[in-house]
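Me: I have a structure open and would like to learn how to read its features. Can we go through them in turn?

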Amino acid sequence: MIEDGVHEPVQVHFDDLDAMGLLHNSRYALLVERAVGAYWQRLGWAPDPAGSAFKDVFLAVREFKVTYHVPIVGPGEPLVHFWMERMGRTSGVYGFRVLSADRTVVHAEGYRVNVNLDPATLRPAPFSDELRAAAGPLLRRTAAAC
């Protein structure tokens with residue numbers, strides 16, 4: 001069981017559900033985005049470089065994989081558990097699980113790859129030292145020890 005990382009509560013609203021009352025498959029990625037965004041915003045990240053604690057503000061998702069296990073039925077407040085599997089020079093890999101509020105059910109799991117881009121060229125750019133330091137608590141202990 002992975003316990004590194006952060007557990008972030010997220011909201012499932014009625015309009016997130018499909019015709020059968022299940023969370024629509026596309027909404028799982030949205031829950032992960034909201035959880036990761038809330039975490040970084042608390043640390044001072046903002047999309048406007050003038051208001052951000054980090055100069056890395058132009059991050060793009062390169063890959064997103066979700067494996068579904070148990071559907072979320074109805075509105076509620078599940079948890080998104082996420083961590084960083086690894087952080088390279090210009091990209092990082094988040095692992096995640098969407099859990100029931102009591103953490104007993106894994107609804108979905110997967111990974112997301114982010115790339116830091118230079119806003120002028122749209123080419124990969126190295127992460128800043130500040131962002132690396134802030135990401136430290138998200139790194140899996142097994143990955144950080146390597």
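Reply: We start with a cut-off: a residue counts as buried under 20% relative accessible area, as exposed over 50%, and as partly exposed in between. Keep in mind that this is a predicted model.

Me: Is T90 buried or exposed?
Reply: T90 has a relative accessible area of 17%, so T90 counts as buried.

Me: Where does T90 lie, and which residues is T90 in contact with, leaving aside its neighbours within four places in sequence?
Reply: T90 belongs to the loop between β3 (79-87) and β4 (91-99). Setting those sequence neighbours aside, T90 is in contact with N114, V115, N116, P124, A125, P126 and F127.

Me: What share of the residues of the protein chain is buried?
Reply: Of its 146 residues, 39% count as buried.

Me: How many helices and strands does the protein chain have, and what pattern do they follow?
Reply: There are 3 helices and 5 strands. Along the sequence the pattern reads β-α-β-β-β-β-α-α.

Me: How does the radius of gyration of the protein chain relate to that of a compact globule?
Reply: A compact globule of 146 residues would have a radius of gyration near 15 Å; the protein chain has 16 Å, which agrees. The C-alpha atoms fill a box of roughly 45 × 35 × 25 Å along the principal axes.

Me: What do the contacts say about sequence separation?
Reply: Take the contacts with a separation of 6 or more: residues 24 or more positions apart account for 65% of them.

Me: What describes a pair of aromatic rings?
Reply: Two values do: the distance of the centres and the angle of the planes. Rings pair if their centres lie within 6.5 Å, and planes over 60 degrees apart count as edge-to-face. By this rule the count here is 6 aromatic pairs. In one of them, Y39 and W40, the ring centres are 5.5 Å apart and the planes stand at 85°, so this pair is edge-to-face.

Me: Are Y39 and W40 buried or exposed?
Reply: Y39 is buried, at a relative accessible area of 10%. W40 also counts as buried, with 8% relative accessibility.

Me: How is the pair of W40 and F54 arranged?
Reply: The ring centres of W40 and F54 are 5.7 Å apart with planes at 80°, so this pair is edge-to-face. The pair links distant parts of the chain, 14 residues apart: W40 is in helix α1 (residues 25-42), and F54 is in the loop between α1 and β2 (59-68). F54 is buried, with a relative accessible area of 6%.

Me: Which residues form one aromatic cluster?
Reply: The cluster consists of Y39, W40, F54, F82 and Y94.

Me: How far apart are the mean positions of the positive and negative charges?
Reply: The protein chain has 15 positive and 17 negative charges, and their mean positions are 6 Å apart.

Methods:
Residues are numbered from 1 along each chain as its sequence is written. This is a predicted model: local features need pLDDT of at least 70, side-chain atom pairs count only at pLDDT 80 or more; totals for chains, interfaces and linings use all residues. Side-chain values use heavy atoms; hydrogens and water are left out. Rings of Phe, Tyr and Trp (its six-membered ring) pair if their centres lie within 6.5 Å; planes under 30 degrees apart count as stacked, over 60 as edge-to-face and the rest as tilted. Buried means under 20% relative accessible area, exposed over 50%, partly exposed in between (1.4 Å probe, protein chains only). Helices (H or I, at least four residues) and strands (E, at least two) are DSSP runs, numbered from the N terminus. The radius of gyration is taken over C-alpha atoms; the globule rule is 2.2 Å times the number of residues to the power 0.38. Contact means heavy atoms within 4.5 Å. Lys and Arg count as positive and Asp and Glu as negative; His and the chain ends are not counted. The place of a charge is taken as NZ of Lys, CZ of Arg, CG of Asp or CD of Glu.
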